[in-house]
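Please consult the sequence and the coordinates alongside the text.

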Amino acid sequence: MNYKKFFSDELTSLKSQGLYRKFREINRNKKNFPKATERFEGKERAVEVWCSNDYLNLSQHPVVIMESTKVTKELGTGSGGTRNISGTSTYHADLEKSLAELHSKEASLLFPSAYTANQSTLWTLCKKLGGCEVYSDELNHASMIQGVKNANVPTHVFRHNDTNHLEELLKTSNANTPKIIVFESLYSMEGLRSPIKKIVSLAKKYNCLTYLDEVHSVGLYGPEGRGIAAELGVSDEIDIINGTLSKAFGQMGGYVAASKDIIDFIRSFAPGFIFTSSANPSIAAASLVAIDLAKGAGLLRKNIKNNSDLIRQGLRDSEIPFLENDSHIVPIHLYDPDLCKEAANVLINEHGIYIQPIFYPTVPKGDERFRVTITPKHSAEDIQTFVGALDQVWSKLNLKRAQKEKSKVNKISNLF
């Protein structure tokens, strides 16, 4: 086999489909975010960021930075090993207690990322629960899909947020077969919530475990930012909750929270946990502080909601197509990868607006978009400028206008 030709041909094919990704070098200076500096063609230029997952800007909070710096000076930059081999500090242990309390669970377990937490936990559950079957929402994150695929167990994909379809599938299952319903509370590319209460009800009816990804919800919704499950009062009824430290808390890493026995089970059997070096103690320490700050960040959460409503109204007034929802995520559709990238380039080159084009495999082909995420540091003036820039780009490129984008989601079940 000509390996060099194979890799070259695959990349050429990817580029011809408009699916090749380029990374922009963005430095988010803590003094003036959402303004940032991009290194571009050997020079630097000012840009404004509209696609950050640092939802509460806690990565740049002075108290968080101070704690991270203090612990780095005390313990160094690395953990020293896996959790089993010298890699468990008091900060790791305290953080797991804090995360368990956050989700009203008996215990939690830290992972290097929420991706690893999903993939490794689901793989372990599916492999160890003999004859297990999975019922998965079609828009679940790639980490959840990959964990289930790696386990090679029977998987039933139900239409997005369609509990009637889920029950149709569950009705055909054997009552004695172990089953896991896998879903998210808030879908990151759509900004749509899931019908958690109904799914919990079906899980009880058909004796299923529930696995809920709260990555884009934790820190932003519910009492003290405890997530949408807590907002609905059903945290106690979810078996396993996955979350992240790298979005609303502004740090790095992921976790699962559940009963003491389930967490001990994952700790004892999941290769993705056992054989991975633990996070730096400074990250765990900073996360502890960030969680406490997030609990008291009710005003920031209110500002995010107000900013989200403000930008949606601006998009409606400019007839720019977007997906209506009630979250902090605003998807703006372009439906073509090349147009999406061209519009992004015009925005940054002519208006200093940085927003990343989103295309396959993150979203289905033909459903390309911008994914706008708003922070408390975006002002009303910033929003007005952003919408005005979008309006100019839509006119310049003769892009499709629309009064309102209906809540319609394409299938991506072929990812399984």
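The structure is a predicted model, in which local features require pLDDT of at least 70, side-chain atom pairs count only at pLDDT 80 or more, and totals for chains, interfaces and linings use all residues. Residues are numbered from 1 along each chain as its sequence is written, and side-chain values use heavy atoms, with hydrogens and water left out.

**Overall build**

The protein chain comprises 14 helices and 14 strands; these are DSSP runs numbered from the N terminus, with helices being H or I of at least four residues and strands being E of at least two. Its radius of gyration is 22 Å, close to the 22 Å that the globule rule gives for 416 residues, so the chain is as compact as a globular protein of that length. The radius is taken over C-alpha atoms, and the rule is 2.2 Å times the number of residues to the power 0.38. Along the principal axes, the C-alpha atoms fill a box of roughly 60 × 55 × 55 Å.

Of the 416 residues, 53% count as buried, where buried means under 20% relative accessible area, exposed over 50%, and partly exposed in between (1.4 Å probe, protein chains only). Among contacts (heavy atoms within 4.5 Å) between residues at least 6 apart in sequence, 72% join residues at least 24 apart.

**Surface and charge**

The accessible surface comes to about 18,800 Å², of which 50% belongs to carbon and sulfur atoms; the areas come from the Shrake-Rupley method with a 1.4 Å probe, and for residues only the protein chains shown count as cover. There are 51 positive and 47 negative side chains, and the centres of the two sets lie 2 Å apart. Lys and Arg count as positive and Asp and Glu as negative, without His and the chain ends; each charge is placed at NZ of Lys, CZ of Arg, CG of Asp or CD of Glu.

**Backbone features**

| Cis bond | Omega |
|---|---|
| F33 to P34 | about 15° |
| Y360 to P361 | near 10° |

P34 lies in the loop between β1 (25-27) and β2 (35-40), and P361 in the loop between β13 (357-358) and β14 (369-373).

N152, although not a glycine, has a positive phi of about 55°. It sits in the loop between α5 (142-151) and β6 (155-158) and is exposed, at 68% relative accessibility. E319, also not a glycine, has a positive phi of about 55°. This residue belongs to the loop between α12 (298-317) and β11 (329-333), and E319 is partly exposed, with a relative accessible area of 30%.
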